[in-house]
Amino acid sequence: TLSASVNGLSFTHKGLHLPISGVSGSIDIRDDALKLKGFRGSYGQETVRGFEGSVKDLTGKQDYEFSLDAALDAGEAVETARDLVTSPRAKDALKRAEAGGAIDLNAKAWGSFRSKALPRYSGKLTLQDGWLSYEKLPRISTASASIAFDDKKADIESVYLSDGLSSLKLTGVVEDYMGGDPFFDLALSSVVSDATLDNTTALEKTRKDLLVAGEASLDARLVGKKGSFSAKASLDALHAGIGYKKYLRKEEDYPFRVDADLSLDGKRLGVKGLSLAFGSSKAEVSGEISLKDDAYDLSLRSVGCRIADIDDVSPLLSRDFESSGLLSFMIRAAKTPGKDLPVIEGDAKVEDARFQSPYIAKPVEKINASAFLKGNKGKVVLDKLVVGATELSGYMDVLDMEGRRVEFALNSPRLLTGDFMVWRKKGGVEDDKQTLPEDE
């Protein structure tokens, strides 16, 4: 039998800036077993409140079981990790980070010192009153977490981050996280505000082209492994105003939503569904994309898309003009490796459309047209086009798309180029003269 106790022991360890101090506890060896009781100690603001355990059958299997109850400081944990890691990339990343908050860790481990198997373990980690800052990113002023774990999986009960303007919540599970290819099932819910984007230095170049006002919500779920997973996401930008170059312009409180159902299998990206809903209209994309050889097979579809909805989100049309009419299309675009251009098949139709565009001098008062493409051929029919005083109708037969051979005919009782051409002079539009005489 052997019994010993330690009271107030302090020592240093290579690589640590502060000493490990206040180490106390007792050791008892009897009946071929070792027991540790009441061990505690501290490193800076990090405290081991209790460490106990036992090793049985010292002359045989040496089965062990240990338990730990510790209170850690997030800031010192980052500093300690910064001192101990050897990877240059990890060390550089930790140098850019600062953190704070109280971490509680309760864990136990068991196994056999004689066995080659890795130890079994389980526990729970919680973070309260946390904060985090990282170079070129907004400061996280509120951070909390609750994660239960064992040697097979980590159960993310809740991770919450907020900069006071935007927030993010993460839940889910990660299995086999110690292996090289863990399985994950993660759910994310967030609200992103314009002020957070303004404070994100890393997005400085993007923000020159992207204008955002208000806030948007994003919900997502990812299931699978690194090289093979499915992802579903929904972006609701009802309360956000968004502008991007001359492609997108949406005011706050206008319905705008993106839903995505994607999958990745190696180098193949599957698009089960990607939809854009704006106003009361909707457009959808499905198919697959090869990330290896620049090939894809995509289908685009929209039925009864309102022109009035398009002018609410596109700078190509004037929002102040009373637009009307419908646009429908069902198109398939497929590109194979080695081909410069895709094969496009499908049809599109514009019905009783009326709109104004800054790129056309006069309003389009009416247009009825349809297009059909299949293989290397196609047809475009212009039933009626009225722009200003101009009226047009006609057709175009695409005889050989690759060879660029077409046959067309246009009928017009009156054609004025000034109805179409925008001549910009001192910020205004100057009409051209008519090219065909009016009927007497």
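Q: Where is leucine 410 placed?
A: Strands (E, at least two residues) and helices (H or I, at least four) are DSSP runs, numbered from the N terminus. Here, leucine 410 sits in strand E25. Keep in mind that this is a predicted model, where local features need pLDDT of at least 70, side-chain atom pairs count only at pLDDT 80 or more, and totals for chains, interfaces and linings use all residues. Residues are numbered from 1 along each chain as its sequence is written, and side-chain values use heavy atoms, with hydrogens and water left out.

Q: Is leucine 410 buried or exposed?
A: Buried means under 20% relative accessible area, exposed means over 50%, and partly exposed is in between (1.4 Å probe, protein chains only). Leucine 410 has a relative accessible area of 54%, so it counts as exposed.

Q: Which residues make the nonpolar surface patch?
A: Patch residues have over 30% relative accessible area and no salt bridge, and nonpolar side chains (Val, Leu, Ile, Met, Phe, Trp, Tyr) are joined within 5 Å, like charges within 9 Å. A salt bridge puts a side-chain nitrogen of Lys or Arg within 4 Å of a carboxyl oxygen of Asp or Glu. In this model Val380, Met396, Val406, Phe408 and Leu410 make a patch of about 440 Å². Strand E25 (residues 405-414) gives the most to it, with three residues.

Q: What is the phi of lysine 136?
A: It's near 70°, a positive value in a residue other than glycine. Lysine 136 is in the loop between strand E7 (120-134) and strand E8 (140-150). With a relative accessible area of 49%, lysine 136 is partly exposed.

Note on methods. Areas by Shrake-Rupley, 256 points an atom, 1.4 Å probe, with all protein chains shown as cover.
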